[in-house]
There are 2 protein chains.
Amino acid sequence: MGNPTGGLSERKKLILKAVVEAHIEGGEPVGSKSIVQSNLLSCSSATIRNEMAELEQLGYLEQPHTSAGRVPSELGYRFYVDSLVEQYANTTRDIARINQLLRSKMSELDQILETASKLASSLTNYTGIAIKPKISSVTMAKIELVSIDSFNFAMVMITSGGTVKTKKVKTPMPYEADALTQLSEILNLQICGLGADMITLPIIMQLENDMADNAFLVNPAIKAVYEVMNELDGGELRYSGLNRLLDYPEYADTQHLSSLLGTLEDQDEILELVSDPLRDDINVLIGSESPVKVMNNSAIVFKPIKKNGRTVGVIGVIGPRRMDYKKVLKTIDEIGVSISDIIDGERALKQGEDNGGEDDGGNE
Amino acid sequence: MGNPTGGLSERKKLILKAVVEAHIEGGEPVGSKSIVQSNLLSCSSATIRNEMAELEQLGYLEQPHTSAGRVPSELGYRFYVDSLVEQYANTTRDIARINQLLRSKMSELDQILETASKLASSLTNYTGIAIKPKISSVTMAKIELVSIDSFNFAMVMITSGGTVKTKKVKTPMPYEADALTQLSEILNLQICGLGADMITLPIIMQLENDMADNAFLVNPAIKAVYEVMNELDGGELRYSGLNRLLDYPEYADTQHLSSLLGTLEDQDEILELVSDPLRDDINVLIGSESPVKVMNNSAIVFKPIKKNGRTVGVIGVIGPRRMDYKKVLKTIDEIGVSISDIIDGERALKQGEDNGGEDDGGNE
DNA sequence: TTTAGCACTTGACTCTAAAGAGTGCTAAAA
DNA sequence: TTTTAGCACTCTTTAGAGTCAAGTGCTAAA
């Protein structure tokens, strides 16, 4: 009815917020009376009832059955989360504690991510997710190039594991038939056997140098190789605190829980979901916002971990749709920042190691 | 009373077997009548009742409540499993199928074990376990030796990851102070940077040679190094088909399921359980036979996978105490044999590879 | 030693009634 | 015009009573 922000009156927002938080807290439908008791508003239960009826019509609330209280709809949660974003972003971070815990787990990114996931799980009481990169296990065994037209060719890549993958490559300018042969030779010679983490700028420059006039083919080709490696590599998905799911009546239904567990285990689906983040920062998928259909009653919050601009892992949590978003957003963000700090610090250390050899006996 | 094998009359054995199998099948207490109907015995329900009462007194059966049928006790299952061993061992193995499936997953032991676990889970409909070795990730960065007395010294080992571990080492004969210094030097020079899989007999012999008169110190020291590496390495525990637990009413209790899931996730406890196999071959732990107390209502069947006499992995399944042991024992055994075949085949290949370099482009 | 028969126990299930929570609506109050 | 009090109505949850069926233990006969 013609209101400034979000089309909802301030009072409606307050009521919505109260319903969401009460429901997150208790898990049960929220009645008008209990909202009055929370003393956030100074009006009677009847007024609240009227407002709630309107909020329901607007799609922010739902009613399990006629004589029950209201439950937030997906839209309701979404509104809540969106209006929350500024709030949590401004929270003073007590990273120190998290930082310390993670740091104590030392260098290995693997371990840090796994610990972070456990930490996220125990701090929020939902199930933690960690995706650890699994670099360097996949290498190319053979690369075949097939010309499509003068602007496109297909790359057929056979990995060390025997998997065959094809990628279509578009070139920035037309190429000669010879160029493909040349590229193929050079790729097979230089790239095969290298893991994703070994294909660095110097190597790419070397390739471009070797290709001379046809250097323009190198970049798109390498990109394709890189993509395939990352696809196959996939990374490894780990959960912690799966049992915490059982703390929520949402998962009391055996059928539902079973199919959720099954889906979580089948890493591919979740990996895909989490590997293509809409935003670079924290992502919140509520219910059917997630493409995975068994997660329609769940929510997932995750954040990619970056190192030198490249995503090297993901941490997050999975829980019921009525997740304590405030707490979760804050926690995941803090942990994410903490990890970034640590691996940035580590980077410097690693480089020193690479040059200077193996003397890290500093702590004796 | 006073019978040849196992102290049970043939008829009691038959009845016990019938009860166990009926209970495995249906999950519910088994009454005397249903046993008569199975036509395995030619006597009346009253006789069965009498026998069952005796079997209960002997501890092989239990009664949930007065007017219910009987359920096998732990001892009952144990008897059943033990008397089963010969049976399943003689089963003609249709390894071929399993073999093929596993082989199609190619070389990596990791993948084979993971696939095997999935296979075990889907064939038996229980939760599959796989322990993958995680060799070579841990190496020693620095080793310090501290003399305790002339028969004992402490080894302080700092790993590449920065973890510090101490082991007390007892020597077979007294040593001189110089010997420790010498040993320390040699260890730091020769062992540091090597993964567990790199410390082979030739290297140990080399060490002993270098130590000359004090060669007797090498063996216990290396053993300590090895132990620490394996501790830290740990191996990685993976489950597949966790959701299958939910197929069994035994895990309908949320509390119970939750604590089981929690325990399974805390890898250490299960790793310890499974890494110290009583028998080299298939192990069956029924209920409280397992030292892990939340598994008192569960059973675990597992088999170590050996390569050159060294355990390189474990596969198995976890399920309710009324597990279909016949099927599980057979399946796990078959899969185990199959994996052994494959990795023995792979060994030859690997060796060739190590010598000849990196040309595995055989599959083009 | 086995079997038939019977009384008894006990959990599972069904049905009903009552309780409780919460709503929507109406009419009065602000 | 908005808010509030009051009330009838709806729907779920809970408790209790009664019935049912399964299965036992025991006794007496075969």
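# A friendly note on the predicted model

1. Let us start with an open space. About 280 Å³ lies in the second largest pocket. A pocket here is found on a 1 Å grid over the protein atoms alone, as an open set of points with protein on both sides within 12 Å along at least five of seven lines. Grid points are joined across faces, edges and corners, and a volume is the space filled by probe spheres set on the points. Keep in mind that this is a predicted model, in which local features need pLDDT of at least 70 and side-chain atom pairs count only at pLDDT 80 or more, while totals for chains, interfaces and linings use all residues. Residues are numbered from 1 along each chain as its sequence is written, chains are lettered from A and ligands numbered from 1 in the order in which they are written, and side-chain values use heavy atoms, with hydrogens and water left out.

2. Who lines this pocket? The second largest pocket has 15 lining residues (those with an atom within 4 Å of a point). A:His23, A:Val71, A:Glu250, A:Asn297 and A:Arg321 lie nearest its centre. Helix H1 (10–26) and strand S2 (71–72) of chain A each supply at least two residues of this lining. Helices (H or I, at least four residues) and strands (E, at least two) are DSSP runs, numbered from the N terminus. By type, the lining divides into five nonpolar, five polar and five charged residues. Ala, Val, Leu, Ile, Met, Phe, Trp, Tyr, Cys and Pro count as nonpolar, Asp, Glu, Lys and Arg as charged, and the others, Gly among them, as polar.

3. Where does the second largest pocket lie? Domain 1 (10–84) and domain 2 (92–133 + 235–353) of chain A both give residues to its lining, so the pocket lies between them. The domain bounds come from an automatic or database domain assignment.

4. A search of the whole structure finds one cavity of 30 Å³ or more; a cavity is a set of grid points where a 1.4 Å probe fits but cannot get out. The largest cavity holds about 60 Å³ of space. Its lining consists of A:Arg78, A:Val81, A:Asp82, A:Val85, A:Tyr88, A:Arg279, A:Ile282, A:Val284 and A:Leu329. Helix H4 (residues 74–89) of chain A gives the largest share, five residues. Six of the lining residues are nonpolar, none polar and three charged. Domains 1 and 2 of chain A both contribute to the lining, so this cavity lies between them.

5. Next, take A:Arg322, in the loop between strand S10 (310–320) and helix H12 (325–356) of chain A. Is A:Arg322 buried or exposed? At 6% relative accessibility it counts as buried, where buried means under 20% relative accessible area, exposed over 50% and partly exposed in between (1.4 Å probe, protein chains only). Leaving aside neighbours within four places in sequence, A:Arg322 has contacts (heavy atoms within 4.5 Å) with residues including A:His23, A:Tyr77, A:Tyr126 and A:Glu250. The C-alpha atoms of A:Arg322 and A:Ala22 are separated by 9.9 Å, although the two residues are 300 apart along the chain.

6. Chain A has twelve helices and ten strands. Of its 364 residues, 47% are buried. Among contacts in chain A between residues at least 6 apart in sequence, 61% join residues at least 24 apart.

7. What about the interior? The largest nonpolar core has 147 residues, and those with the most contacts inside it are A:Tyr325, A:Ile339, B:Tyr325 and B:Ile339. A nonpolar core is a set of buried Ala, Val, Leu, Ile, Met, Phe, Trp, Tyr and Cys residues joined through side-chain atoms within 4.5 Å. Not counting residues up to four places away in sequence, B:Ile339 touches B:Leu102, B:Ile112, B:Leu113, B:Ala116, B:Ile305 and B:Ile315.

8. B:Val312 lies in strand S10 (residues 310–320) and counts as buried at 10% relative accessibility. B:Gln267, in helix H11 (residues 267–275), is buried too, with a relative accessible area of 17%. Setting aside neighbours within four places in sequence, B:Gln267 is in contact with A:Arg238, B:Gly235, B:Glu236 and B:Leu237.

9. Finally, a backbone check. A:Asn39, in the loop between helix H2 (32–37) and helix H3 (45–57) of chain A, has a phi near 65°, a positive value in a residue other than glycine. A:Asn39 is exposed, with a relative accessible area of 65%.
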